[in-house]
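Please keep the sequence and the model at hand while reading.

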Amino acid sequence: METVIDWISSVASGKEIMLEPDRPFLRVKLFDRAELECCYKNGPTNVTWVNRFSHSGQMYPVNQSEEVFQHYSESNGKQCGFLILKNVKLWDTGMYQCHFHDIKVYTHGTYLQVFKPIEKTINLSESTKNKILTAEGVLLLLCVVIPSASLLFKKQKKLEMKKMKQEEENIYQGLNLEDCCSTYDQIERSQGQSQYQDVCTAMEEREEILEKP
């Protein structure tokens, strides 16, 4: 498409203009300086900058002032037109192109975007930032250490309970149930005999008391 435009312009004027590629996009912070350029070969020196505003789509010539001005340079057969915006505003956003009046041809153009940076809501000193970073590090360490310690404690407690259970099983395994039963029988018999002996002794003493005059 660019080749077709260049060929038509050469037929209309008898000159073959070769358009150099323009910078397609330029992003500049609000109130900063913006510099746009359009370069070509074999073209006229009377170049006018136009702006196609993004909000309306209409094209208007750029009005020059102390803060907006243009200049022209030529070197080694290459011609360049420059547009300088010293203090860009938000409404300067749009497509900027060079316009050749004689042949009614526009360059490819550069889209200028003016943006407003995000302002800081809280202005913190370096010492405060360092303290915040330190606190974040401590919290992160606690988040790692506490769950690990809790898990280790639960595991240790579980191992101790398992060990106690094994010791109890070993104690019961070492006992002889027959010996336990025989010992229990002996204890019961001895208690029963002692009770009978006490009753017999009491009856004998009572008989002796009755026989006395």
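A disulfide is taken here as a pair of cysteine sulfur atoms within 2.5 Å. In this predicted model, C39 and C80 meet that description, with an S to S distance of 2.0 Å. The pair ties together distant parts of the chain, since C39 sits in strand β3 while C80 belongs to strand β7 (residues 78–85), 41 residues apart. The torsion about the S-S bond is about 110 degrees, and the disulfide of C39 and C80 is therefore right-handed.

A search of the whole structure gives two disulfides, and the other bond joins C38 to C98, whose sulfur atoms are 1.8 Å apart. This link also connects distant parts of the chain, with C38 in strand β3 (residues 34–41) and C98 in strand β8 (residues 94–100), 60 residues apart. The link of C38 and C98 is left-handed, with -85 degrees about the S-S bond. Counting bonded cysteines along the chain, the disulfides follow the pattern 1-4, 2-3.

Both C38 and C98 are buried; for three further cysteines, the relative accessibility is as follows.

| Cysteine | Relative accessibility | Class |
|---|---|---|
| C39 | 7% | buried |
| C80 | 8% | buried |
| C143 | 55% | exposed |

Because the cut-off for exposed is over 50%, C143 at 55% counts as exposed.

Turning to the annotated segment, the unreviewed UniProt entry assigns the label "transmembrane region" to residues 132–153. In the model, residues 132–153 are 100% helix and 0% strand, and the end C-alpha atoms of the span lie 31 Å apart.

How values were computed. Residues are numbered from 1 along each chain as its sequence is written. This is a predicted model: local features need pLDDT of at least 70, side-chain atom pairs count only at pLDDT 80 or more; totals for chains, interfaces and linings use all residues. Side-chain values use heavy atoms; hydrogens and water are left out. UniProt positions are given in the numbering used here, feature names are shortened, and annotations may be inferred rather than shown by experiment. Helices (H or I, at least four residues) and strands (E, at least two) are DSSP runs, numbered from the N terminus. Buried means under 20% relative accessible area, exposed over 50%, partly exposed in between (1.4 Å probe, protein chains only).
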